[in-house]
Amino acid sequence: MVKSSFISFIPQEEKEENKGAVEFQVFSFTNRIRRLTSHLELHKKDFLSQRGLRKILGKRQRLLVYLSKKNRVRYKKLIGQLDIREAKTR
């Protein structure tokens with residue numbers, strides 16, 4: 001498992017006070033997604049982990065849509081820091 005792909009751009013003191021912030025939740029979901037993705041590269045038939053990954057992806061996607069509607073500047077900054085693609089709009 002590759003540890004260097006995980007992100008840690010939030011300082012430790014900010015982690016303790018802002019666990020409910022949308023940015024922190026998206027950040028933690030992104031770390032979990034990357035960890036599960038590297039796990040699934042080794043264990044291709046782990047279907048329960050695949051289901052968990054899909055659920056986390058959905059949660060992160062809903063949070064990103066919420067953030068993009070509420071504050072577009074914070075949304076752009078967050079997806080730039082996390083190096084994830086922008087959500088498709090309908």
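The model is predicted.

The protein chain contains 4 helices and 0 strands, and its elements follow the pattern α-α-α-α when read along the sequence. Of its 90 residues, 29% count as buried. Among the contacts in the protein chain with a separation of 6 or more, 51% are made by residues 24 or more positions apart.

The pairing of helix H2 with helix H3 is considered first. Helix H2 spans residues 22-42 and helix H3 spans residues 47-70. Their axes lie 9 Å apart, and the two helices pack at an angle of about 155°. An angle over 145 degrees counts as roughly antiparallel, and H2 and H3 are therefore roughly antiparallel to each other. The crossing in which H2 passes H3 is left-handed. On the H2 side, the contact is formed by Val22, Glu23, Gln25, Val26, Phe29, Thr30, Arg32, Ile33, Leu36, Thr37, His39 and Leu40. These residues meet Ser49, Gln50, Gly52, Leu53, Ile56, Leu57, Lys59, Arg60, Leu63, Leu64, Tyr66 and Leu67 in H3. Sorted by class, the contact of H2 with H3 comprises 13 nonpolar, 7 polar and 4 charged residues.

One residue of this contact can be described in further detail. Thr30 is found in helix H2 and has a relative accessible area of 1%. Residues under 20% count as buried, so Thr30 is buried. The side chain of Thr30 makes a polar contact with the side chain of Arg60, at 3.2 Å. Thr30 and Arg60 are also among the residues through which H2 and H3 meet.

Helix H2 also packs against helix H4, which covers residues 72-82. The axes of H2 and H4 come within 11 Å and cross at roughly 25°. Because angles under 35 degrees count as roughly parallel, this crossing makes H2 roughly parallel to H4. Here H2 passes H4 in a right-handed crossing. Glu23, Val26, Phe27, Thr30 and Arg34 in H2 meet Arg74, Leu78 and Leu82 in H4. The contact of H2 with H4 has 4 nonpolar, 1 polar and 3 charged residues by class.

By class, the residues joining H3 to H4 are 5 nonpolar, 1 polar and 3 charged.

The segment after H4 contains Asp83. Its phi is near 60°, a positive value in a residue other than glycine. Asp83 has a relative accessible area of 67%. Values over 50% count as exposed, and Asp83 is therefore exposed.

Technical notes:
Residues numbered from 1 in each chain as written. Predicted model: local features only at pLDDT ≥ 70, side-chain atom pairs only at ≥ 80, totals over all residues. Heavy atoms only, no water. Axes fitted to C-alpha atoms, helices over the stretch in contact; angles between N-to-C directions. Parallel < 35°, antiparallel > 145°, perpendicular 65-115°, else oblique. Left-handed = near helix turned anticlockwise from the far one by under 90°. Contact = heavy atoms within 4.5 Å. Nonpolar A, V, L, I, M, F, W, Y, C, P; charged D, E, K, R; others polar. Buried < 20%, exposed > 50% of the residue type's maximum accessible area, 1.4 Å probe, protein only. Polar contact = N/O pair within 3.5 Å; in protein donor to acceptor, adjacent residues only side chain to side chain.
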